[in-house]
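Have the structure open and try each task before reading on.

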Amino acid sequence: MEKSDHISVTLSGAGVGGTEEDSLTAKQPKRRSLRRAWNQLPRCQQNIIGLCIVSAIFMLIIHIPYGIFDARRVKVLRVDSSISAGWIPIKSPSDTPSKDGILMAHADNLNDIVDNALLETNQKPVLLPKKNPSEFQEIKSLDSNNLDQKNDDGVESAAVLPESQKSNALQGPLVDAPNKISIQEININDNHIESPSVDAKASTEDVERVALEAAVLNPRVVPGTNNIAINDFVNSLDTYTLPQKQHFHGATNERQTSVIAAFKHSWSGYKKYAWGHDNLKPLSQGSHDWFGLGLTIVDSLDTMYIMGLEDEFNEGREWVNNFLTFDINRDVNLFEVTIRVLGGLLSAYHLSGDKMFLTKSIELGNRMLPCFLSASGIPFSDVNLASMSAHSPKWSPDSSTSEVTTIQLEFRDLSRSANISIYEIVSHAVNKKVHALEKINGLVPIFINANTGTFRNYATISLGARGDSYYEYLLKQWLQTGRKRDDFLISDYIRAIDGVLTKLLRRTPKEQHVYIGELINGKDFKPKMDHLTCYLPGTLLLGHKFGMPTSHLLLARDLLETCYQTYMRQPTQLAPEISYFALTANEEQDIYVKPNDAHNLLRPEFIESLYYFYALTGNRTYQDMGWNIFQAFEKYTKVAYGYTSIGNVKHVFNTRLRDMMESFWLSETLKYFYLLFSDNRKEIDLDKWVFNSEAHLLPLRNH
Ligand code: DMJ
């Protein structure tokens with residue numbers, strides 16, 4: 001990639017318009033008359049002038065390092081010559097354009113961007129231009145920093161809450177529990193990479209490895225102790241360190257009531273035909289077990305809590321207490337069990353304050369620790385929870401990059417909640433290893449090897465399957481840990497989004513839909529976007545709320561619109577699993593779907609993004625978009641005993657019901673619908689909570 005254009009200023013010894021020769025010939029007489037004038041001055045005036053000159057020099061020396069000539073104030077614009085190098089032009093009426101009106105986003109100097117991005121946190125963002133095929137128009141109320149502004153209807157966005165509700169404000173940043181039992185001396189709070197000496201680093205790693213091996217020996221006790229039972233340990237936690245019970249009021253409007261009805265319909269089908277199993281098969285009235293962990297129950301707990309479904313929540317709670325065991329002889333996937341089960345248990349713990357959920361979380365956390373006993377510290381993808389043996393997936397020597405980097409929110413929360421450091425240590429070590437690997441403009445290949453700790457050569461780069469939540473967790477971990485300036489996670493995030501802008505972003509030729517493609521073999525562009533990628537607009541908007549640059553906001557807005565089109569263009573108004581985009585104007589359609597990609601698994605990503613857009617702007621248009629989609633789910637996926645995945649969104653009479661209700665339908669899709677339709681867009685306070693990748697709530701910490 002070529003370097004930025006710089007403006008250079010040449011300082012010449014000659015006066016303006018003069019030549020080098022002129023200046024030389026003029027020098028001698030001038031100097032003599034100056035000396036004569038100086039000698040004629042009285043001594044006291046000479047002293048005063050001398051003093052002034054010395055002081056001026058002194059002041060100059062003092063101020064130079066503090067930024068009189070602060071380089072960061074100089075903005076370098078790339079101009080249109082860089083389009084061919086893959087830069088994406090962003091038109092913005094409020095930015096100073098180059099001569100042809102194109103302002104280029106770039107990240108040549110990451111520190112500047114981190115600084116500027118963080119600086120923007122307290123600044124009101126510019127009004128956004130809105131894409132209208134090829135033109136941009138102004139969009140009024142997309143101002144995520146001004147959360148109390150009026151929405152499009154002129155209604156005050158922050159709904160007026162009854163007094164009782166106000167007092168139920170969710171708890172603030174948590175202070176971690178003080179050490180009840182001294183477990184390890186390792187400092188888990190260092191969240192930035194320092195450069196310790198080689199010996200010191202090796203010995204820390206050795207200590208951590210020994211602690212890990214010891215913990216794996218007996219999963220029934222608290223790691224770092226020989227015989228303290230988990231239950232006793234949790235019961236001995238000081239009550240003031242326990243989470244405050246949260247209160248929700250239930251549905252306040254018809255749309256929310258409809259979502260609750262959909263949840264109850266799903267739950268009753270599951271209860272009747274699949275209770276205790278992972279998933280309901282609603283057509284055959286049967287069940288499906290993937291891990292044998294009652295996935296649907298654990299994944300649904302916090303949704304029921306938030307919806308105010310007390311009876312259902314208690315049924316789920318009793319099952320977890322009496323029947324959920326991790327001593328099962330079965331291989332499970334570390335990532336899936338972490339985001340669904342560990343995340344679900346921790347969220348239920350934080351919302352209800354019920355210690356039982358923390359006990360179960362520790363039991364599960366211990367049994368997943370063997371994954372980290374790889375040579376590199378990058379975890380194996382699978383683990384047998386009973387035999388405690390971990391290994392790579394059966395079908396590949398490599399773990400998925402998004403999987404090994406989407407466990408950290410949960411493992412850290414477990415450490416902080418229980419005050420047992422090992423979970424955070426082993427999962428943060430993965431952050432550090434991945435951070436140290438070479439990337440392509442901040443973008444990561446989708447496979448990584450647990451033995452070597454390196455990315456697979458020529459692996460695809462994608463923000464869809466196997467890549468997606470790597471980017472999500474960079475941002476969310478930074479939020480979880482107090483938004484530190486020097487955190488490598490946020491600089492990796494900014495660099496990665498810049499990589500998205502420069503390497504993966506395209507517009508379709510006719511209708512100008514913005515989409516994110518993939519790089520096959522790490523280099524060849526493919527105009528394919530998974531529905532999974534539709535989480536990104538929401539995450540980008542969340543990042544912008546906390547100071548990420550305006551380019552993130554623009555991308556979020558445009559991508560949200562494209563994702564919406566992937567729904568609305570289908571006869572069923574449901575999105576396919578994968579969409580393709582035209583590269584040339586000769587192609588018939590700008591967005592098209594291949595027959596094998598036409599299924600819909602009740603996935604949540606786009607509804608998740610709509611939720612963030614509503615929660616952060618108050619614009620009720622996003623609710624209406626969501627309502628259209630909710631009605632489409634009702635029409636084409638609702639069956640007698642639940643909701644089902646379908647095989648074909650392209651035909652209203654041939655949807656090909658698939659007989660599977662995924663647990664994320666209850667955990668994520670219905671939860672985000674419910675929150676999207678809330679009259680109180682701050683029902684969940686995003687200054688206090690972060691959603692994990694499965695929509696489970698974890699509290700933000702202050703470090
Ligand atoms: C969920 O399990 C999570 O959202 C995960 O991050 C991606 N896939 C599904 C939902 O589509």
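**Exercise 1.** In this predicted model, work out the handedness of the crossing of helix 17 and helix 18, and then describe how the two helices pack.

*Solution.* Step one is the handedness: helix 17 crosses helix 18 in a left-handed sense.

Step two is the geometry. Helix 17 covers residues 536-545 and helix 18 covers residues 550-568. Their axes lie 8 Å apart, at an angle of about 155°. Angles over 145 degrees count as roughly antiparallel, so helix 17 and helix 18 are roughly antiparallel to each other.

Step three is the contact itself. From helix 17, the residues are Leu536, Pro537, Leu540, Leu541 and His544. They meet Thr550, His552, Leu553, Leu555, Ala556, Leu559 and Leu560 in helix 18. Sorted by class, the contact of helix 17 with helix 18 has 9 nonpolar residues, 3 polar and no charged.

**Exercise 2.** Classify the packing of helix 10 against helix 13, and list the residues that make the contact.

*Solution.* Begin with the axes: those of helix 10 and helix 13 (residues 408-418) come within 9 Å and cross at roughly 40°. That angle makes helix 10 oblique to helix 13. The crossing of this pair, helix 10 and helix 13, is left-handed.

Now look at the side of helix 10, which brings Leu334, Thr338, Ile339, Leu342, Gly343, Leu346, Tyr349 and His350. Helix 13 answers with Glu410, Phe411, Asp413, Leu414 and Ser417. The class count for the contact of helix 10 with helix 13 is 7 nonpolar, 4 polar and 2 charged.

**Exercise 3.** Decide how helix 19 is oriented relative to helix 21, and find the residues through which they touch.

*Solution.* The axes of helix 19 and helix 21 cross at roughly 25° and come within 9 Å. Helix 19 is therefore roughly parallel to helix 21. Helix 19 passes helix 21 in a left-handed crossing.

On helix 19, the contact uses Ile607, Glu608, Leu610, Tyr611, Tyr612 and Tyr614. On helix 21, it uses Glu668, Thr669, Tyr672, Phe673, Leu675 and Leu676. The contact of helix 19 with helix 21 divides into 9 nonpolar, 1 polar and 2 charged residues.

**Exercise 4.** Describe the second largest pocket: how much space does it hold, and which residues lie nearest its centre?

*Solution.* Start with the volume: the second largest pocket holds about 900 Å³ of space. Its lining counts 43 residues, and Phe335, Glu336, Arg340, Glu403 and Arg603 lie nearest the centre.

Next, trace the lining back to its elements. Among those giving two or more residues are strand 7 (331-333), helix 12 (401-404), helix 15 (468-480), helix 19 (605-617) and helix 21 (663-676). The largest share, 4 residues, comes from helix 10.

Finally, sort the lining of the second largest pocket by class: 15 residues are nonpolar, 9 polar and 19 charged.

Technical notes. Residues are numbered from 1 along each chain as its sequence is written. This is a predicted model: local features need pLDDT of at least 70, side-chain atom pairs count only at pLDDT 80 or more; totals for chains, interfaces and linings use all residues. Side-chain values use heavy atoms; hydrogens and water are left out. On a 1 Å grid over the protein atoms alone, a cavity is a set of points where a 1.4 Å probe fits but cannot get out, and a pocket is an open set with protein on both sides within 12 Å along at least five of seven lines; lining residues have an atom within 4 Å of a point. Grid points are joined across faces, edges and corners, and a volume is the space filled by probe spheres set on the points. Ala, Val, Leu, Ile, Met, Phe, Trp, Tyr, Cys and Pro count as nonpolar, Asp, Glu, Lys and Arg as charged, and the others, Gly among them, as polar. Axes are lines fitted to C-alpha atoms, for helices over the stretch in contact, and angles run from 0 to 180 degrees between N-to-C directions. Angles under 35 degrees count as roughly parallel, over 145 as roughly antiparallel, 65 to 115 as roughly perpendicular and the rest as oblique. A crossing is left-handed if the near helix is turned anticlockwise from the far one by less than a right angle, and right-handed if clockwise. Contact means heavy atoms within 4.5 Å.
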